[in-house]
Amino acid sequence: MGAQSGIGTSLNVCAPLFGKIVEAFGKGDLAGAAAWQAKANQIVDLLCRYNMIATTKELLTLLGVKAGPARLPNGALTPAQKAELRAGFLELYPRSSWKMY
């Protein structure tokens with residue numbers, strides 16, 4: 001469609017996954033690109049389950065980036081929400097996928 005770039009909060013926590021979408025599309029593998037996009041959509045859904053700022057900062061912390069807590073007016077995640085978020089993320093995007101981290 002002519003796009004040359006993209007902006008997205010989810011790119012901060014799983015950039016290599018989005019690279020796979022671009023790579024597959026560039027090779028004309030639309031089915032592969034769609035499959036990678038479906039996985040990315042699951043991660044975006046996970047990020048949006050709670051406050052997007054708080055979930056992104058929590059996942060950045062999991063990845064080793066000291067992002068600190070979300071500031072007001074963004075709410076903090078409860079310990080149970082953090083555990084659910086981390087477990088869901090690791091299921092969708094296991095550590096072996098973290099090539100850039």
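The legends below describe an overview and several close-up views of a predicted model.

View 1. The predicted model contains four helices and zero strands, and the pattern read along the sequence is α-α-α-α. Along the principal axes, the C-alpha atoms fill a box of roughly 45 × 25 × 20 Å, and 29% of the 101 residues count as buried. Of the contacts with a separation of 6 or more, 61% are accounted for by residues 24 or more positions apart.

**View 2. Packing of helix α1 on helix α2.** Helix α1, which spans residues 11-26, packs against helix α2, which spans residues 30-48, at an angle of about 155° and with the two axes 7 Å apart. Because this angle is over 145 degrees, α1 is roughly antiparallel to α2. The crossing of α1 past α2 is left-handed. On the α1 side, the contact is made by Val 13, Cys 14, Leu 17, Phe 18, Lys 20, Ile 21, Ala 24 and Phe 25, while α2 contributes Leu 30, Gly 32, Ala 33, Trp 36, Gln 37, Lys 39, Ala 40, Ile 43 and Leu 47. Sorted by class, the residues in this contact of α1 with α2 are 13 nonpolar, two polar and two charged.

**View 3. Packing of helix α3 on helix α4.** Helix α3 (residues 52-62) and helix α4 (residues 79-92) pack at an angle of about 65°, and their axes lie 10 Å apart. Here α3 passes α4 in a right-handed crossing. The residues of α3 that take part are Thr 55, Glu 58, Leu 59, Thr 61 and Leu 62, and they meet Lys 82, Leu 85, Arg 86, Phe 89 and Leu 90 of α4. By class, the contact of α3 with α4 divides into five nonpolar, two polar and three charged residues.

**View 4. Buried residues and ends of helix α3.** The buried residues of α3 are Ala 54, Thr 55, Thr 56, Glu 58, Leu 59, Leu 60 and Leu 62, and these buried residues pack against α1, α2 and α4. At the start of the helix, a side-chain oxygen of Asn 51 comes to within 2.9 Å of the backbone nitrogen of Ile 53. Just after α3, Gly 64 adopts a positive phi of about 100°.

View 5. Glu 58 is found in helix α3 and, with a relative accessibility of 11%, counts as buried, because the class covers residues under 20% relative accessible area. The side chain of Glu 58 makes a polar contact with the side chain of Arg 86, at 2.6 Å. When neighbours within four places in sequence are left aside, Glu 58 is in contact with Leu 77, Lys 82, Leu 85 and Arg 86.

View 6. Not counting residues up to four places away in sequence, Lys 57 touches Ala 67, Gly 68, Pro 69 and Ala 70. A polar atom of the Lys 57 side chain lies 2.7 Å from the backbone oxygen of Ala 67. Lys 57 and Val 13 are 44 residues apart in sequence, and their C-alpha atoms are 9.2 Å apart in space; Val 13 is one of the α1 residues that make the contact with α2.

Notes:
Residues numbered from 1 in each chain as written. Predicted model: local features only at pLDDT ≥ 70, side-chain atom pairs only at ≥ 80, totals over all residues. Heavy atoms only, no water. Axes fitted to C-alpha atoms, helices over the stretch in contact; angles between N-to-C directions. Helix = DSSP H or I, 4+ residues; strand = E, 2+ residues; numbered from the N terminus. Parallel < 35°, antiparallel > 145°, perpendicular 65-115°, else oblique. Left-handed = near helix turned anticlockwise from the far one by under 90°. Contact = heavy atoms within 4.5 Å. Nonpolar A, V, L, I, M, F, W, Y, C, P; charged D, E, K, R; others polar. Buried < 20%, exposed > 50% of the residue type's maximum accessible area, 1.4 Å probe, protein only. Polar contact = N/O pair within 3.5 Å; in protein donor to acceptor, adjacent residues only side chain to side chain.
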